[in-house]
Amino acid sequence: MERTRDFLVRGDSESKSVSALEVRPHRAGHAASFFEALALRGIRVDTIQRGSLTCTFTVPPRLTGVDGNLSAGAIANLVDEIGGAVILADGQDPKVSVDMSISYMSAARIHDELEITAKVLGHKGGYSGTSVLMKNKATGDVVAEGRHSLFGNLLSKI
């Protein structure tokens, strides 16, 4: 219990560093949020076509765990962001995530280059489905595969 408390308690230097951060209010849809910039900085769009999107991403140290591997949360965020972007590439309005199912297949280490391919599976009313595949470019190993469901507001008939 004492080790946990010591781990969670921040010292004065950490508290001052966090207090010095400037976090501006975010207006959704107008600019990238702090979180989006942190998670997506460095991603490159290689190809974009109607219903598909291919990106390259080099694993940065800021998104890895203590083991040096890309964290599961970072992978889930990439599935969410890229799955949402491919909806826009298909000509749809922005939608919100409803469900994600991710299979974590192999580890991606710091500085590994990943190829991320996203495809639209289909649309039904305001519901859309996408598939996101992450592969290590050097080895060809599948890092993760995600299925992403999104929903957007239907136009009112009033």
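Which residue in β5 is the bridge partner of Lys 124? The partner is Tyr 127. This is a predicted model, in which local features need pLDDT of at least 70, side-chain atom pairs count only at pLDDT 80 or more, and totals for chains, interfaces and linings use all residues. Residues are numbered from 1 along each chain as its sequence is written, and side-chain values use heavy atoms, with hydrogens and water left out.

**The sheet**

Six strands form an open sheet in the order β1-β2-β4-β5-β6-β3, with antiparallel pairing. β1 and β3 are the edge strands, each pairing on one side only. From one strand to the next, the twist averages 15°. Strands here are DSSP runs (E, at least two residues), and helices are runs of H or I of at least four residues, numbered from the N terminus. Two strands pair if DSSP finds at least two bridges between them.

| Pair | Sense | Bridges |
|---|---|---|
| β1 and β2 | antiparallel | five bridges |
| β4 and β5 | antiparallel | ten bridges |
| β5 and β6 | antiparallel | nine bridges |

β2 covers residues 52–58. Ile 48 stands opposite Leu 53 in β2. Gly 51 lies in the loop between β1 and β2. At 12% relative accessibility, Gly 51 is buried. Buried means under 20% relative accessible area, exposed means over 50%, and partly exposed lies in between (1.4 Å probe, protein chains only).

β5 spans residues 127–136 and is mostly covered, with seven of its ten residues buried. The hairpin of β4 and β5 has two residues between the strands, and Gly 125 there takes a positive phi near 65°. The hairpin of β5 and β6 has five residues between the strands; in this one Gly 140 has a positive phi near 80°. β6 runs over residues 142–151. In β6, Leu 150 is the bridge partner of Ser 128.

**The salt bridge**

How many salt bridges does a search of the whole structure find? The search finds one. Arg 44 pairs with Glu 113, and the closest N and O atoms are 2.9 Å apart. Arg 44 lies in β1 (residues 44–49) and Glu 113 in β4 (residues 113–124), so the pair ties together parts that are 69 residues apart in sequence. A salt bridge is a side-chain nitrogen of Lys or Arg within 4 Å of a carboxyl oxygen of Asp or Glu. Arg 44 is partly exposed at 38% relative accessibility. Glu 113 is also partly exposed, at 31%.

**Helix α4**

α4 takes in residues 72–89. Its 18 residues should span 26 Å at 1.5 Å a residue, and its end C-alpha atoms are 26 Å apart, which agrees. The expected span is 1.5 Å times one less than the number of residues. Buried residues of α4 include Ile 75, Leu 78, Val 79, Ile 82 and Val 86. Gly 91 follows α4 and has a positive phi, near 90°. Gly 91 and Gly 51 are 40 residues apart in sequence, yet 8.1 Å apart in space, C-alpha to C-alpha.

**A nonpolar patch**

Val 96, Val 98, Tyr 127 and Phe 151 form a nonpolar patch on the surface, with about 370 Å² of accessible area together. Patches are made of residues with over 30% relative accessible area and no salt bridge; like charges are joined within 9 Å, and nonpolar side chains (Val, Leu, Ile, Met, Phe, Trp, Tyr) within 5 Å. Accessible areas come from the Shrake-Rupley method with a 1.4 Å probe, and for residues only the protein chains shown count as cover. Val 96 lies in β3 (residues 96–104). Val 96 is exposed, at 53% relative accessible area.

Notes. Axes fitted to C-alpha atoms, helices over the stretch in contact; angles between N-to-C directions.
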